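Please look over the chain shown below before reading the notes that accompany it. The notes are arranged by topic, so that each can be followed on the structure itself.

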Amino acid sequence: MSIPSAESLDRRRFLTISASAALAVTALSGCAASVDDGSSSGGGDGKKTLTVMGEKDDFDIKAAQKALGVNIRWLKYDTTKLNALLAAKTPPDVVRGLGAVEAPYFAARKLMTDLDPYFAQSTVLKPADLDPVNDLWRYDGSKQGAGPRYGMAKDYSQDQMFWYRTDMFEAAKLDLPSETEPLSADEWLDLGKRLTKRRLGKVKVYGLNASGLGYFSQLMGMTASAGGRLFAEDLASVDFSSPEALKALKWYLDYTKADIGPSVANPNPDGWDWPTYQAGRMAMATDGYWFGGAIGGDPKVAAVSRFAPAPQLGSSRVSACFGATGFWMPRDAKNKDAAWKFFEWFFGGAPAQARAAGGWGIPTLKPLRPKMPQNQPYQKQAFNVQQQELAHFSVLTFTPYAQLTALDGVISKVLPGAVKSGTSAGKVADALNQQMNDLLSKGKDVLG
């Protein structure tokens, strides 16, 4: 089934797309991923070639080729590379993405394929079976969560929940966090300080990683918990100076100054939480339910790992999803029918079954929910905590006027120097407002 494309991406829009991402990806521009990277196959055998941009661990390429009867040309996900391919109208057929923070941006620029006609005819991916989190991949031209469906999440988590190591809590003679009542953000910070271990002035064991899936997203969640919002109603500006946002910013500055975990001023040299957590060098990791998939690979770590509700900065209990990671089809993709077959296989076939059974996030197809693992004690505990947390699932609408990478780039530019110099939270808020609102204004001008 072929579905017509909408209007093409013009040069002016592409330049704005690239500009908004430049703050965060300049360092990557000289090392964009090469085609194939040793993992592709194609040409010469009469089969169609499906180009997929993602991460190597997303799926088994050989299994996909066998199941779909196509050759897979794999590209490592890279923002600069993707923007260039979109501008040249030679995009991948399938692209990895974060529905929660990317769908409004790309959909507003008419870069995505409306998938509603495909879903309507599918016997594998039925709209009635889709978890509501998939609505993060919808955009009606002004708001997220309504209108055409532009992508699908492979799984999801409530990303401010955290995992902790019971052995470290016991060694520090600290009570374990409640499985039903969330910690306050201040209680969480205090635990992080108590669990941190230093030697000769240097941190040897992080008490807490509060950065999760990025700085801006975490500040959005904390501000919402305090009863406010970062984005204005029209999503065209931010305000870190509001009482709620300033409270969140102060908390993150306190966390960063305390030097008890990875932060914008002192990133984790391991690159992500799992190696650090596995090695016993991190007591609490702000990673959602999906982290249980990694934990399950190490029985010793699994035996001492438990899951906890998202800490709250205020009385408005919020437990948001900042990812809804999945795939989408660019509007100018050349092999959309083959791409949809990939969708059905990846989201509804063997890979989806394996992800659900492995604990790699909450399945986004309701019929797969019973496969969520509960065999091991840590799995049963995490499942129960997660089930209770679903009642507090929250959607925080993201702007179509700038990419998350650009907003995180502003934070990475402003906060380290501010922490070092002791700049007040109010002045930090002013700097963030000025630079982010400039980006958002430029993005709004392009969309009109």
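The briefing below goes from the whole chain to its helices, its strands and a few single residues.

The model is a predicted one, and its secondary structure comes to 17 helices and 16 strands. Of the 448 residues of the chain, 54% count as buried. Among contacts between residues at least 6 apart in sequence, 74% join residues that are at least 24 apart.

**Helix 17 and the residue after it**

- Helix 17, formed by residues 425-447, has 23 residues and reaches 32 Å from its first C-alpha to its last, which is close to the 33 Å expected at 1.5 Å a residue.
- Just after helix 17 comes Gly-448, which takes a positive phi of about 80°.

**Two helix pairs**

- Two packed helices are described by the angle between their axes and by the distance between those axes.
- For helix 13 (residues 336-348) and helix 14 (residues 350-358), the axes come within 4 Å and cross at roughly 25°; since angles under 35 degrees count as roughly parallel, helix 13 and helix 14 are therefore roughly parallel to each other.
- Helix 13 contributes Trp-345, Phe-346, Phe-347 and Gly-348 to this contact, while helix 14 contributes Ala-350, Pro-351, Ala-352, Gln-353 and Arg-355; the residues of the contact of helix 13 with helix 14 divide into six nonpolar, two polar and one charged.
- Helix 8 (residues 215-225) and helix 16 (residues 404-421) pack at an angle of about 90°, with their axes 8 Å apart; because angles of 65 to 115 degrees count as roughly perpendicular, helix 8 and helix 16 are described as roughly perpendicular to each other.
- On the side of helix 8 the contact is made by Tyr-215, Phe-216, Ser-217 and Leu-219, and on the side of helix 16 by Leu-404, Leu-407, Asp-408, Ile-411 and Ser-412; the residues of the contact of helix 8 with helix 16 divide into six nonpolar, two polar and one charged.

- Strands of a sheet pair through backbone hydrogen bonds, either parallel or antiparallel.
- Three strands form an open sheet in the order 11-8-12, and their pairing is antiparallel; strand 11 (284-285) and strand 12 (305-308) are the edge strands, each pairing on one side only.
- Strand 8 (residues 162-165) is joined to strand 11 by two bridges, and these strands run antiparallel; the bridge partner of Trp-163 in strand 11 is Ala-285.
- Helix 15 (residues 377-389) packs on the sheet and touches strand 8 and strand 12, its direction making about 0° with that of strand 12.

**The hairpin of strands 9 and 10**

- Strand 9 (residues 197-199) and strand 10 (residues 202-205) run antiparallel and are joined by three bridges, and Arg-199 has Lys-202 in strand 10 as its bridge partner.
- These two strands form a hairpin with two residues between them, and Leu-200, which is found in the loop between strand 9 and strand 10, has a phi near 55°, a positive value in a residue other than glycine.
- Leu-200 has a relative accessibility of 86% and therefore counts as exposed.

**Other single residues**

- Most residues other than glycine have a negative phi.
- Asp-259 has a positive phi of about 55° although it is not a glycine; Asp-259 is found in the loop between helix 9 (243-258) and helix 10 (273-278), and at 26% relative accessibility it counts as partly exposed.
- Ala-279 lies in the loop between helix 10 and strand 11 and is partly exposed, with a relative accessible area of 48%; Ala-279 and Val-301 are 22 residues apart in sequence and 8.8 Å apart in space, C-alpha to C-alpha.
- Thr-51 is found in strand 1 (residues 49-54) and, at 9% relative accessibility, counts as buried; when residues up to four places away in sequence are not counted, Thr-51 touches Arg-73, Leu-75, Pro-92, Asp-93 and Val-94.

Conventions. Residues are numbered from 1 along each chain as its sequence is written. This is a predicted model: local features need pLDDT of at least 70, side-chain atom pairs count only at pLDDT 80 or more; totals for chains, interfaces and linings use all residues. Side-chain values use heavy atoms; hydrogens and water are left out. The expected span of a helix is 1.5 Å times one less than its number of residues. Axes are lines fitted to C-alpha atoms, for helices over the stretch in contact, and angles run from 0 to 180 degrees between N-to-C directions. Angles under 35 degrees count as roughly parallel, over 145 as roughly antiparallel, 65 to 115 as roughly perpendicular and the rest as oblique. Contact means heavy atoms within 4.5 Å. Ala, Val, Leu, Ile, Met, Phe, Trp, Tyr, Cys and Pro count as nonpolar, Asp, Glu, Lys and Arg as charged, and the others, Gly among them, as polar. Buried means under 20% relative accessible area, exposed over 50%, partly exposed in between (1.4 Å probe, protein chains only). Two strands pair if DSSP finds at least two bridges between them.
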